[in-house]
Amino acid sequence: MGCRDVHAATVLSFLCGIASVAGLFAGTLLPNWRKLRLITFNRNEKNLTVYTGLWVKCARYDGSSDCLMYDTTWYSSVDQLDLRVLQFALPLSILIAMGALLLCLIGMCNTAFRSSVPNIKLAKCLVNSAGCHLVAGLLFFLAGTVSLSPSIWVIFYNIHLNKKFEPVFAFDYAVYVTMASAGGLFTTSLLLFIWYCACKSLPSPFWQPLYSHPPSMHTYSQPYSARSRLSAIEIDIPVVSHAT
């Protein structure tokens, strides 16, 4: 059965999942979720841009890479609802995605290192590799949904802030990093779902196993031939008759 082998699709989905989790880590730590640009009309002063992250806040002058003000206690005093939701959503999404990666790794390791001859004593401890990948696909989809929804909300919340105050708010590149990572999680989930549905028929070389297990001694059977079947043996018994 093809579902019990390691395929290129499962390896690619595992690598894609790792890259997506790394992107979520970067998006969570980056202080570039929202920027507030303060423009001055005094020629002797420079414009100021305030970069707002989930945990820190940084204010810089135009053309400077150093923070004029670096607030490390911003995480406890966030007054913007979308960023507060992201503080809970992104770590939760990372935990879910890491659990899915662990399931993928368990499924692939169980497939790669399993014995070709089944052991009756370990029958109760066997891991269903295909089931691990299926549950991992569901978890990847959930993690992508948890991270993508509040990231999109940041864009609409910026529009709300610009209408409520002045058009000085803009979302920064951390939004794009997180949305791309969520898209990677959806792609990983889709690969695992397609593999699970197609692994039995294996219509393409992409779904073929990367290797094949050595055949076990239990897989061979001696076919019966027509000559080996027992046939009836006819025995002629002479009958002696006595003449009277």
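How close do the axes of helix H1 and helix H4 come, and at what angle do they cross? The axes of H1 (residues 8–29) and H4 (residues 173–198) come within 8 Å and cross at roughly 160°. Helices here are DSSP runs of H or I with at least four residues, strands are runs of E with at least two, and both are numbered from the N terminus. Axes are lines fitted to C-alpha atoms, for helices over the stretch in contact, with angles from 0 to 180 degrees between N-to-C directions.

The model is predicted, so local features need pLDDT of at least 70 and side-chain atom pairs count only at pLDDT 80 or more, while totals for chains, interfaces and linings use all residues. Residues are numbered from 1 along each chain as its sequence is written, and side-chain values use heavy atoms, with hydrogens and water left out.

H1 and H4 are therefore roughly antiparallel; angles over 145 degrees count as such, under 35 as roughly parallel, 65 to 115 as roughly perpendicular and the rest as oblique. The residues of H1 that meet H4 include Cys16, Gly17 and Ser20, and those of H4 include Ser181, Gly184 and Leu185, contact meaning heavy atoms within 4.5 Å. By class, this contact has 11 nonpolar, 11 polar and no charged residues. Ala, Val, Leu, Ile, Met, Phe, Trp, Tyr, Cys and Pro count as nonpolar, Asp, Glu, Lys and Arg as charged, and the others, Gly among them, as polar.

The strands come next. An open sheet is formed by 5 strands in the order S4-S3-S2-S1-S5, with antiparallel pairing; two strands pair if DSSP finds at least two bridges between them. S4 (69–71) and S5 (169–171) stand at the edges with a single partner strand each, so one side of each lacks a neighbour in the sheet. From one strand to the next, the twist averages 20°.

Strand S1 (residues 34–38) is joined to S2 (residues 48–52) by 5 bridges. Across this pair, Leu36 stands opposite Val50 and Leu38 opposite Leu48. S1 also pairs with S5, over 3 bridges in the antiparallel sense, and Arg34 has Phe171 of S5 as its bridge partner. Helix H3 (residues 129–164) lies across S1 and S5, running at about 175° to S5.

An unreviewed UniProt entry lists residues 6–30, 88–113, 133–161 and 173–196 as "transmembrane region"; UniProt positions are given in the numbering used here, feature names are shortened, and annotations may be inferred rather than shown by experiment. In the model, residues 133–161 are 100% helix and 0% strand, with end C-alpha atoms 42 Å apart. Residues 173–196 are also 100% helix and 0% strand, with end C-alpha atoms 35 Å apart.
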